[in-house]
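Try each task before you read its solution.

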Amino acid sequence: MSDTRKSGDPSSPTQAARLTGAEIVWATLDGEGVREVFGYPGGAILPVYDAMRKFPIHHILVRHEQGAAHMADGYARASGRVGVCIATSGPGATNLVTGIATAMLDSIPIVCITGQVSSKVLGSDAFQEVDITGITLPVTKHNYLVTKAEDIARVLREAFQIAASGRPGPVHVDITKDAQQATADFDFAAAAPRQYRPHPMLSAPASSLAEASRMILGSKRPVILAGQGILLSRAMEQVRTLAERAQIPVGCTLLGLGSFPASHPLSLGMMGMHGETWVNHAIQEADLLIACGMRFDDRVTGLPSTYAPNAKKIHIEIDPSEINKNVAVDIALMGDLGEVLESLLPLLPKRDGSAWLRTIEGMKGNAAVRDIQNLPDNGHLYAAHVINDLWRATNGNAIVVTDVGQHQMWEAQYYKHNEPRTLITSGGLGTMGFALPAAIGAKVACPDKEVWVVAGDGGFQMTMAELATIAQEKLNVNIAIINNGYLGMVRQWQEFFYEKNYQSTPILSPDFVKLADAFGIPGQAVTTRAEVLTAVATARETAGPYLINFMVEQEDSVYPMIPAGKALHEMIHRPPRSAIVEDATDI
Amino acid sequence: MLHTFVAQVEDRPGVLTRVASLFRRLSINIVSVTVGRSERAGVSRMTLVAEAEPGAAHRMKASLYKLENVLDVDDIGQTSCVVRELALIKVAATPATRSHIFELVEVFRARVVDLAPESLMIEITGVQSKVEGLIQVLTDSEDRILEISRTGRMVMRRGQHTSRVLEAMSAQNLDGDFVAGTKPRPDFMPDKSDLAS
Ligand SMILES: Cc1ncc(C[n+]2csc(CCOP(=O)(O)OP(=O)(O)O)c2C)c(N)n1
Ligand SMILES: [Mg+2]
């Protein structure tokens, strides 16, 4: 990359120089290794846009700033690198907020840069002034208001460090226009942040490690709870070693899918509200839970007072404020998951777990593989079939980016993720409209990977303007719309808990294929099961983007389901004799 | 119960908002907060008293540490320390009623710091119950209290636990391994060992 630069070029980050604040923004991003940013210009950020051409960074113009934040987020989730988005002051900045909150709740490292009115008029309700650092304070890991050009490099470098270290999260940097226009000495190396200070309460003392290993060896019915922390800590190997050596079955949270191979004999599948029956039963019957980088979210515990009543709990976690927050634990090992496991594993001899594994096998019945392929075609098109066919057609190798709703849960149930960072989904905030922009970010981060959007007809309409971004950037993103004519997940709750009062959930959609066509994106509608695989094949063979509008069964529901506020074992099951199975005994 | 934390924070705009926002999010009521310069340049010292369940201390402390501008947090808990509050109390007083107020002030070891034809101002320093005692007695003796200004609690550990000691302790800790196998941080020692002379 440096060969394109001449000496004295402002884009050379190693060389100290006198630059404008705007140039310092790019020079610092460049020095941090950023090659792509997602953004939208406006008055208060114009100096930064003006300076961009001097730097080897590609800017992707979005259609709404929420999309820019989700793209940075998808970029970070797919690659593990910090994603960057840029917006102007006022409305540009407020449009970012949903995307920032989405990244916050899922601990995703992004840096958001916004322009701000000149420091001389701060606080005067100037044109397009909004107190954006006040607004983003509770939804960022940290934020800054920068009013001087000489502070920009240091603050941005700190922002990258904070975003990516410890428990990752979004960092917002608001830069006044006069700071962008002023000049200052730029020295990338001198602007390096001070050494990162880990959370001072982290501790995993030898005595606790020894106690944990004794607990594991003495347990009869242990379960590993695998969360996204495994991906963030890059601890896949260590978790796998733990599971294999001690023969402990592994259940995944939604964001933990892919952290442990779905095809591994010890893999149980997803836990929680729409998790597999046997996983939730195993957790309820367990005598030991080993929580690895997960935070006992209410979507996985059900009613906390009824959660795993007989189990001792070991919580391995990098954020001390998560300890005993939702579920009281017996041993807290506070630190980086990979490092803690590296210290724990030498204390742990082999262990025989066959009796418990056989018991769980018995709970699974013959439904362990959710084998819906062998069901006869009854003329209906079910979302589960679409997802399962997508999994088969892509050999499970695609990055699937989902939106939020029923289709999201079906994806989690019927697409088997063996590799980390192949499922990208908004878990904590559950942000509809996430999928399309996040997929753009994922594709930009991993151009060689096959990327699929799986979105509902509702959520897709929230951010579908980003189809234009796909077209402008000529990105090869495939889009599967699971079109059930409803805000399906809400309709399901209305069916179960509100006497089928389908208030405001039937949703009219445009002809998505025609819509795509307007952007120059080819596509087709699919109404029968027989067409699914050929349509997916066409999408995969098409060089650019492709959209498939899957017209699926309208009033299908996701099973099993733990109603909110109930215990894990109080699941609602699919009524007997219905077409799709969750348990082979239903056939 | 009342929890008391002493936090060393960066002396910058917005830091108080971040701390306050954290307690607001946890919907924990801040009973009092005093902030001022500490003995270190660029570092403010905050004494924060909050009403919360006994088990909430860990979460509050751990959450405070998640704020980038918070350098050190000391959970005072039940440990031995000096607690002081300062109050200024303006009381309506005529030449006729002054003398018994002077007597009360004497008993409470307070001071009269201002005298006007119709009022006088009392300065009192001490633990909360002492301040409240004086207010109570003034109220009972039907003196009209015109204004009260209270600082809220300020706290300092007795003996060895000056912040210089804490600083040395945390500097030591920063060099060490924070993960597995290291000796626990002083914060994790049982409360008893925190008790100074
Ligand atoms: C921005 C936002 N608004 C509202 C919701 C509440 N919500 C959760 S799922 C859902 C329905 C989603 O419908 P659709 O996108 O069609 O997906 P489906 O459930 O039908 O698969 C709604 C409205 C949400 N999660 N996010
Ligand atoms: Mg729908």
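**Exercise 1.** Is B:Glu85 buried or exposed, and which residue does the side chain of B:Glu85 meet in a salt bridge?

*Solution.* Start with accessibility: B:Glu85 has 7% relative accessibility, so it counts as buried (buried means under 20% relative accessible area, exposed over 50%, partly exposed in between, with a 1.4 Å probe and protein chains only). Next, look for the partner: the side chain of B:Glu85 meets that of B:Arg150 in a salt bridge, 2.8 Å from N to O. The term stands for a side-chain nitrogen of Lys or Arg within 4 Å of a carboxyl oxygen of Asp or Glu. B:Arg150, at 33%, is partly exposed. Strands here are DSSP runs of E, at least two residues long, and helices are runs of H or I, at least four, numbered from the N terminus.

A word on the source: this is a predicted model, where local features need pLDDT of at least 70 and side-chain atom pairs count only at pLDDT 80 or more, while totals for chains, interfaces and linings use all residues. Residues are numbered from 1 along each chain as its sequence is written, chains are lettered from A and ligands numbered from 1 in the order written, and side-chain values use heavy atoms, without hydrogens and water.

**Exercise 2.** Find the salt bridge between A:Asp389 and A:Arg392, and say which helix holds the pair.

*Solution.* First, the distance: the two side chains meet at 2.9 Å, N to O. Then the place: both residues lie in helix α15 (residues 383-393) of chain A, 3 residues apart, about one turn of the helix. Finally, A:Asp389 is buried at 4%, whereas A:Arg392 is partly exposed at 39%.

**Exercise 3.** How many disulfides does the whole structure have?

*Solution.* The search over all chains finds 0 disulfides (a disulfide is a pair of cysteine sulfur atoms within 2.5 Å). Take A:Cys112: its nearest cysteine sulfur, that of A:Cys85, is 3.6 Å away. For A:Cys292, the nearest is that of A:Cys252, 10 Å away.

**Exercise 4.** Which salt bridge links A:Arg194 to chain B?

*Solution.* Count before you zoom in: there are 2 salt bridges across the interface of chain B and chain A. One of them pairs A:Arg194 with B:Glu10, at 4.0 Å from N to O.
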